[in-house]
Amino acid sequence: MKQQCINHVYGGLALLATREYQDIEEKVMQGKRLTREDGIRLFHCHDLAWLGALADHVRKEKCGDIVYYNVNCHVNLTNICTSHCKFCAFGRDEDEKGAYAMTKAQAIAVVEDAMKDPNLAGLHVVSGLHPTWSFEDYLGIVEALHKKFPKLYMKGFTGVEITHFAEISGLSVEEVLRQLRDRGGLQAIAGGGAEILSDRVRGELCPNKATADEWLSVARTAHKLGIKSNASMLYGHIETLEERVDHLLRLRELQDETGGFQTFICFPFLPKHTELGKYIKQTSMWDDLRTMAISRLMLDNFKNIKAYWVMLTVPVAQVALGFGANDIDGTIHKETILHDAGAKSPTALSEDSIIRIIKEAGRIPAACDCNFNILRIIE
C-alpha cells in the first residue's frame, strides 16, 4: 500500500510530507527545535526531495540567496604527525617517504605563489602534530606569514592542534589562543578535528589526539576570547546514525552557550589510501545530500552550512546548495590533505569557476573573509 501524503503550503512553499514525517515538517515550519528522536528518524527518511526542500526552505528563511565563498590559500605546514589516525591518508612518520616540514621561507613561498591572484584575501593554515616541533615553531611560522602578508586574514589550526600546542608548551589553551591571536594574527579557528564527537569512535579511530570534550573546550575558550570558529563532522566510517545526531546536538548545545560557531562543514570520509579503506566504501551522493539537509534542520542556531566542494566534488557541492547549504568554501589555491585520501575534485578552483557554480544554482555569490564579512557581492 502506498504511503498517504499530505500537501502543505507555507508562505507559498508547497511540501509533500508522508504522514510519518508530517509532525517534523510542522515543527520546522513553526520554528520549533527538532529532538534527537526527530534527527534519527530523518536519517531513515527515503524521501530525499522532501528532505532537501525542507532544508532549503530553512536556508532561505535564515540566509536568503547569498552564497559565501572566499579567495584563499591553504598552507599545510607539515604532514609529519604523531596521531596516526586510522581515517587519515595525509600523516607521515618523519622517516617515511613523502614526509615534509615547511620552513618559514617555504610557507611564505606558497603564499607568494598564491598572490598571483589579485583577489587573494586570506590564509587557511593547518598542520600535522609534529613529534619534535615546539609551539614556538608553529607560532613562528604563522607570525612570519602575518608579518609578510598583514592584509591577508588568518584562519588557522583546529581544536586538535590547539590542544596539542597546550600540551607541548605547558601553557593553557587560553594562553595558546592569545599568543596565536596577538603574535600570529589569528582571526578564526578552522573547523576540522571534530570528526565524530563520540568517545567510542575516537577511541577506535584517533585515540592519540584531542578528545571530544577537549575539542569542544577549545571552541568554548576561543569564543570566550572573541575568536570565532567553525565546526565540522567527518561521517561515513564506523559511526552510527545515532552518533551523527548526537554529534550535531553537542555542537548545537555549545552554540546555544557561546554563539561562536560561524559555519558547519559536512566532511564525507574518503577511504582511499587510509587504513579503513580496506573495508569501508565511500559515501554515496544520496548520503551526502541527506546529511547536509539534516544538518541544516538540526543545527537551527547555525546561520551557515558549508558544501565543501573539495570532499563532495564540485557537482555534488553545487546540488547541495539546494539542500540547505549557503557556503561553498573557497578557491583554496592548492589542497593536499584530502587529495592524499583520494579526493577527485580539483586541487583549486578559480574565482570565476566558483562564481559560475553559484550562479548556475540560482544564488548570489558573495566573497567574504574568514569571519563572513562580505568583501564584495557579484550580481
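**Note on helix packing and loop residues in the predicted model**

1. The crossing between helices H4 and H5 is right-handed. Their axes approach to within 9 Å and cross at roughly 40°, which makes H4 oblique to H5. On the H4 side the contact is formed by Lys104, Ala107, Ile108, Val111 and Glu112, and these meet Gly140, Ile141, Ala144, Leu145 and Lys148 of H5. Sorted by class, the contact of H4 with H5 has 6 nonpolar, 1 polar and 3 charged residues. Please keep in mind throughout that this is a predicted model.

2. Helix H5 itself covers residues 135-148, that is 14 residues, and its first and last C-alpha atoms are 20 Å apart, close to the 20 Å expected at 1.5 Å a residue. The buried residues of this helix are Phe135, Tyr138, Leu139, Gly140, Ile141, Val142, Glu143, Ala144 and Leu145. Among the elements that cover these buried residues of H5 are helix H4 (104-114), strand E5 (122-126), strand E6 (153-156), helix H6 (159-169) and helix H7 (173-182).

3. How many of the residues of H6 are buried? In H6, 8 of the 11 residues are buried, so the helix is largely enclosed by the rest of the structure. The buried residues are Gly159, Val160, Glu161, Ile162, Thr163, His164, Phe165 and Ala166. The cover over them includes E5, H5, H7, strand E7 (188-189), H8 and H9. After H6 comes Gly170, with a positive phi near 80°.

4. The loop between H6 and H7 contains Leu171, and this residue counts as partly exposed because its relative accessibility is 29%, which falls between the 20% and 50% cut-offs. If neighbours within four places in sequence are left aside, Leu171 is in contact with Phe135, Ala166, Val176 and Gln179. The C-alpha atoms of Leu171 and Lys209, which lie 38 residues apart along the chain, are separated by 17 Å.

5. H7 also packs with helix H9 (residues 212-224), at an angle of about 55° and with the two axes 10 Å apart. H7 and H9 are therefore oblique to each other, and H7 passes H9 in a right-handed crossing. The residues that meet are Val173, Glu174 and Leu177 in H7 and Val218, Thr221, Ala222 and Lys224 in H9. By class, the contact of H7 with H9 comprises 4 nonpolar, 1 polar and 2 charged residues.

6. Pro207 belongs to the loop that runs between helix H8 (199-205) and H9. With a relative accessibility of 52%, Pro207 counts as exposed, the cut-off for that class being over 50%. Although Pro207 and Ser83 are 124 residues apart in sequence, their C-alpha atoms are 7.7 Å apart in space.

7. Helix H3 (residues 48-63) packs with helix H11 (residues 285-298) at an angle of about 40°, and the axes are 9 Å apart. That makes H3 oblique to H11, and the crossing of the two helices is left-handed. From H3 the contact draws on Leu48, Leu51, Gly52, Leu54, Ala55, Val58, Arg59, Lys62 and Cys63, while H11 supplies Trp286, Leu289, Arg290, Ala293, Ile294, Arg296 and Leu297. The class count for the contact of H3 with H11 is 11 nonpolar, 1 polar and 4 charged residues.

8. Two residues other than glycine deserve a look for their backbone angles. His273 has a positive phi of about 70° although it is not a glycine, and its place is in the loop between strand E9 (261-268) and H11. Phe372, also not a glycine, has a positive phi near 60°, and this residue sits in the loop between strand E12 (364-368) and strand E13 (374-377).

9. Are these two residues buried or exposed? His273 is exposed, with a relative accessible area of 56%, whereas Phe372 is buried, with a relative accessible area of 15%. The latter assignment follows because buried means under 20% relative accessible area.

Definitions and conventions
Residues are numbered from 1 along each chain as its sequence is written. This is a predicted model: local features need pLDDT of at least 70, side-chain atom pairs count only at pLDDT 80 or more; totals for chains, interfaces and linings use all residues. Side-chain values use heavy atoms; hydrogens and water are left out. Helices (H or I, at least four residues) and strands (E, at least two) are DSSP runs, numbered from the N terminus. The expected span of a helix is 1.5 Å times one less than its number of residues. Buried means under 20% relative accessible area, exposed over 50%, partly exposed in between (1.4 Å probe, protein chains only). Contact means heavy atoms within 4.5 Å. Axes are lines fitted to C-alpha atoms, for helices over the stretch in contact, and angles run from 0 to 180 degrees between N-to-C directions. Angles under 35 degrees count as roughly parallel, over 145 as roughly antiparallel, 65 to 115 as roughly perpendicular and the rest as oblique. A crossing is left-handed if the near helix is turned anticlockwise from the far one by less than a right angle, and right-handed if clockwise. Ala, Val, Leu, Ile, Met, Phe, Trp, Tyr, Cys and Pro count as nonpolar, Asp, Glu, Lys and Arg as charged, and the others, Gly among them, as polar.
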